[in-house]
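Open the model in your viewer and keep the selection tool at hand. We will walk from one stop to the next, and at each one you will find out what to select and what is there.

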Amino acid sequence: MSNPTVVGFSGNITRPSKTRAFVELVTRDIAARHGLSAVTYDIEDVGPSLGPARWARDLDSHAQPILAQILAADVLVVGSPTYKGSYTGLFKHFFDLVDPAALRGKPVLLTATGGGERHALIVEHQLRPLFGFFEAFALPTAVYATDKDFTDGVLRSEAILKRAAQAVDEVGFVLANRSSGRVAAE
């Protein structure tokens, strides 16, 4: 891999955002631990052309490079706040613009945030099937954090930080297998 990158993408539309902070934390940890460059975006970064876009080509010149970086990333970290038991509509709309083969085999670390434990299965029942459709390699460990896991917008829960570290370790395993010529089959 030349100039490997990890890109974070959060489905939030407000700032400050716990979801973006969480995605950014995991993205930075992956970059630091595995020697990748890192950048994190959210829906706000994509801008106003997202809503009316029917095709990726309809995104404006501000949004096009963000989509291109996501598609070119060696590792993708995605996250969404939970809205009525699922990811946000604009998060889904953004990925609706992606060619179905564009994420094939790409390692994707799934994260989500929500008000309480009752939404914890968003990563398994919503995000995993979405990235399964793209035939991306959704890492086995997904991470969900609730409002109580944050203090002043910063993730503080030792249990969630430990689970996130486990997922970051899995990224290293996938990258090592790819560099040695063994590619994840899923």
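Start by selecting S3, H4 and S4, which together form a right-handed β-α-β unit. Right-handed here means that, with the strands pointing away from you, the path from the first strand over the helix to the second runs clockwise. Helices (H or I, at least four residues) and strands (E, at least two) are DSSP runs, numbered from the N terminus. This is a predicted model, in which local features need pLDDT of at least 70 and side-chain atom pairs count only at pLDDT 80 or more, while totals for chains, interfaces and linings use all residues. Residues are numbered from 1 along each chain as its sequence is written, and side-chain values use heavy atoms, with hydrogens and water left out.

**Stop 1**

Keep S4 (107-114) selected. How many of the residues of S4 are buried? Eight of the eight are, so S4 is largely enclosed by the rest of the structure. Buried means under 20% relative accessible area, exposed over 50%, and partly exposed in between (1.4 Å probe, protein chains only). In a regular strand the side chains alternate between the two faces of the sheet. On one side of S4 you will find Pro107, Leu109, Thr111 and Thr113, on the other Val108, Leu110, Ala112 and Gly114, and all are buried.

- S3 pairs with S4 in the parallel sense over six bridges, with Leu76 opposite Val108.
- Strand S5 (residues 137-138) pairs with S4 in the parallel sense over two bridges, and here Pro107 stands opposite Phe137.
- Strand S6 (residues 143-146) is also parallel to S4, over four bridges; Tyr144 is the bridge partner of Ala112.

**Stop 2: strand S1**

Next, select S1 (5-10). Six of its six residues are buried: Thr5, Val7 and Phe9 point one way, while Val6, Gly8 and Ser10 point the other way. S1 and strand S2 (residues 37-42) pair in the parallel sense over six bridges, and Thr5 has Ser37 as its bridge partner in S2.

**Stop 3: the nonpolar core**

Which residues have the most contacts inside the largest nonpolar core? They are Phe9, Phe91, Phe95 and Phe131, in a core of 35 residues. A nonpolar core is a set of buried Ala, Val, Leu, Ile, Met, Phe, Trp, Tyr and Cys residues joined through side-chain atoms within 4.5 Å. The largest share of this core, five residues, comes from H5.

Zoom in on Phe9: leaving aside neighbours within four places in sequence, its contacts (heavy atoms within 4.5 Å) include Tyr41, Ile70, Val77, Phe91 and Phe95. Then colour Phe91, His93, Phe94 and Phe95, the buried residues of H4. They are covered by elements including S1, H2, H3, S3 and H5.

**Stop 4: Ser86**

Move to the loop between S3 and H4, where Ser86 lies. Ser86 is buried, with a relative accessible area of 15%. Its side chain makes a polar contact with the side chain of Gln126 (2.9 Å). A polar contact is a pair of N or O atoms within 3.5 Å; within protein, one must be able to donate a hydrogen and the other to accept it, and residues adjacent in sequence count only if both atoms are side-chain atoms.

**Stop 5**

Finally, select Arg15, in the loop between S1 and H1. Arg15 is partly exposed, at 44% relative accessible area. A salt bridge is a side-chain nitrogen of Lys or Arg within 4 Å of a carboxyl oxygen of Asp or Glu. Arg15 forms one with Asp42 (2.8 Å, N to O), and Asp42 is buried at 0% relative accessibility. Arg15 forms another with Asp45, with the closest N and O atoms 2.6 Å apart. Asp45 lies in helix H2, so this pair ties together parts that are 30 residues apart in sequence.

How values were computed:
Pairing = 2+ DSSP bridges.
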